[in-house]
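Dear colleague,

Please find below the structure for your files. My findings follow it.

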Amino acid sequence: MYRIRFHGRGGQGIKTASRILGTAFFLEGYEVQDAPRYGAERRGAPIFAYVRAAKKPILERGVIQQPDLVIIADESLASVASAGTLIGIDSHCVLLIVSNESAQTWQHRLNLGCKVITLSKQAENHAGVLCAGAAVRLAGVISRQNLQSAIQQELADFDASVVQINTDLALQAFDDMEEFEGSVKTAEELSVENYQKPQWIKLAFDAAHTAAPAIHAAANSVQIKTGLWRSYRPVIDYQLCKHCWWVCSTYCPGGAINVDAKGQPDVDYDHCKGCMICVAQCPSHAISIVPEQENKTAGETP
Amino acid sequence: MSRILLTGNGAAAWGARLAQVDYIPAFPITPQTEIIETLAAWIDQQQMDARLVTLESEHSMITAAAAAAVTGVRVFSATSSQGLLYAMEMIFTTAGWRAPYVLVNVSRGLATPITLEPDHNDVLAARDSGYLQIHCSTCQEVLDCTLIAYRLAEDARVRLPVIVNLDGFYLSFTREPVFIPEKDRVKQFISEYDPENMRFRAHAPMSEAVAVLGGSPYSYFRYQTHLAAENALGVFDEVAKKFQQIFAREYTAIENYFADDADYVFVMMGSFATKAKDAVDKLRAAGWSIGLLRPRLLRPFPSERFRQLLAEKKAVAVIDQNISMGMGGVLHSELCAALYGQPQAPAILASFIAGLGGRDISVEEFFEIAKTIKQAANENRTPAPQLLYTENELREIRKLQALANVGNKLEQ
């Protein structure tokens, strides 16, 4: 059985990627199970999705614990423990990271002892479909034609132009992965003779001051970099800004625009979630929308 | 008949569509919302001729559903978790109305703390209401059992509402290959709805009331509901047989996976039971005599079937994806009640609690459960109920508690 896990952020098309891969396997004659997993749904939050494919009915369910292929569409998630990107990666597993850094760099950084492949960032807003195209080639058992048909099926509700853009990107990723075709190998199935015994414990009583699920903490919203959720950022053109001092900062629902004594507004990119309400409200049209990737400065929170 | 990849939610929506329901009172809740969204889109695109109305709460939604059902139209609704609990007053009330309709529940663990992932404490809260319960383990079963549920609910020997249950995430958002039955063949299975004496016509208004009664007449009506629920066991067999004749898929009140000749048996409900099947396959490959029994029908509870199927087994592991605080697993209790004092009852009926709030049960854990009951059979001693939890999980929760500064006194 193939076990493949996609990780990314809400809005990158991770669920769609898993469905494209699932449908492509299905068209190829496999039994398939695909599913997304997320908590409270919001753009930018870590999400993952997984695909199982086999030549016989699939009884296994739930999150894939021993993946054959892990795909990380947003490299910043590799270091987020709660995203669980690295769970169950062993030496047989292949790790594909969308990154402009080299595979050697990631190999060295993560030290997982598995094969690492990078896919260069080309289209920030289509990371999911790129990953789907790459995954199809890495599995090596699905035709280019069935990848194309799967995209058409999964994006059937969209305009032809959208389908075209996504198809082109996925096929490009498929072609780029030529040298790694079929590098994903299914793992040996667990057997009763050879498995790791679960370390069950007898859970002891804890007093309610510990065991009640209540969290009391000092206000901590400043520590949480909600800027990570953004895929576009508002950028103020100070030539056009009238220093009216209140419109953008008042409308900002996150309180992420500070105004100094001279009336100069300053966007706090660590906390701006990219809602663009300021862009809509600015009477002098001084704020523009810039894709995140084009505007990262050195040393800033990625 | 086409076979497509479909989520459990999509399968439930297809069930309602193929049953040609007339009325769908709705209220959104994760992980159920996709069902009503799918139905709303079909109605909007005129692929389905039904009336969908969003109500202001689940309490109103269930009231509207049952009220519509007793005017003689075919009704579908869906909810989950907190939504089902919010409607609970009307769940008991409408079962008493003997209102036949189908309610899909997408299981999700209950607050507090909050989770979106599944266990069965939500649907089990409705266990004693008079709603019949069919529990599904695959997306195909969700579609098929929704159709079966209409036949069951509307049968004159039953006439009760039916809950079709599927697990959130593990089925609701999981796509699997599903056969979509052809409309004409579904018509062979579900005939036009005959509401008998239930009717309401706007041109002939009438009033209907429920009296306040003392204990004796009250008991009559409660007993009647119970007798109707008991009838549903035999009716389910008939309906499932008819279904099998038309669609060639078999649905028994208890799913039996290699349990007939097995010495050891897992018993569990819902989608996690397919994981148990996987474990059964692997254990049998290693020479184990083991199988699985899964109650598809939880209400009425197939007690006599369990007595037959579990007769003279060496040991049984009941894996409950629910917990009754201060008692333990609900299915374990029910099986104890079914088996106690019966001459051929298995000596060991061990209880395991697992899968709360979607907590995974690994295949290794199924192996370990099998070993535990085998050892118990050898020693002829029932093990204490086990709350499945690992050292690593405790380490993780301790880390979270440390980060959250839990247990320390608040600074003034």
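In this predicted model, chain A is divided into domain 1, covering residues 2-180, and domain 2, covering residues 226-295. The centres of these two domains of chain A, taken over C-alpha atoms, are separated by 34 Å. Where they touch, domain 1 of chain A contributes 7 residues and domain 2 of chain A contributes 7 residues. The side of domain 1 of chain A that touches domain 2 of chain A has no nonpolar residues; by class, it has 4 polar and 3 charged residues.

Also in chain A, helix H3 takes in residues 127-139. H3(A) is mostly covered, with 13 of its 13 residues buried. Its length can be checked: at 1.5 Å a residue, the 13 residues of H3(A) should span 18 Å, and the end C-alpha atoms are 18 Å apart, so the two values agree. After H3(A) comes Gly140(A), which has a positive phi, near 75°.

Turning to the contact between the chains, 40 residues of chain B meet 35 residues of chain A. On the side of chain B that touches chain A, at least two residues each come from strand S8 (175-180), helix H10 (272-285), helix H13 (363-379) and helix H14 (391-403) of chain B. H10(B) gives the most to this side, namely 7 residues. By class, the residues of the side of chain B that touches chain A are 19 nonpolar, 10 polar and 11 charged.

S6(B) runs parallel to strand S7 (residues 162-167) of chain B, to which 4 bridges join it. With strand S12 (residues 297-299) of chain B, S6(B) runs antiparallel and is joined by 2 bridges. Gln133(B) takes part in both pairings: its bridge partner in S7(B) is Ile163(B), and its bridge partner in S12(B) is Arg299(B).

A right-handed β-α-β unit is made by S6(B), helix H7 (residues 139-154) of chain B and S7(B). H7(B) is mostly covered, since 15 of its 16 residues are buried. The length check applies here too: at 1.5 Å a residue, the 16 residues of H7(B) should span 22 Å, and its end C-alpha atoms are 23 Å apart, which agrees.

With kind regards

Notes: Residues are numbered from 1 along each chain as its sequence is written. Chains are lettered from A and ligands numbered from 1 in the order in which they are written. This is a predicted model: local features need pLDDT of at least 70, side-chain atom pairs count only at pLDDT 80 or more; totals for chains, interfaces and linings use all residues. Two strands pair if DSSP finds at least two bridges between them. A crossover is right-handed if, with the strands pointing away from the viewer, the path from the first strand over the helix to the second runs clockwise. The expected span of a helix is 1.5 Å times one less than its number of residues. A residue is buried if 20 or more other C-beta atoms lie within 10 Å of its own, exposed if 12 or fewer, and partly exposed in between; C-beta atoms are placed from the backbone. Domain bounds come from an automatic or database domain assignment. Two residues are in contact if their C-beta atoms, placed from the backbone, lie within 7 Å. Ala, Val, Leu, Ile, Met, Phe, Trp, Tyr, Cys and Pro count as nonpolar, Asp, Glu, Lys and Arg as charged, and the others, Gly among them, as polar.
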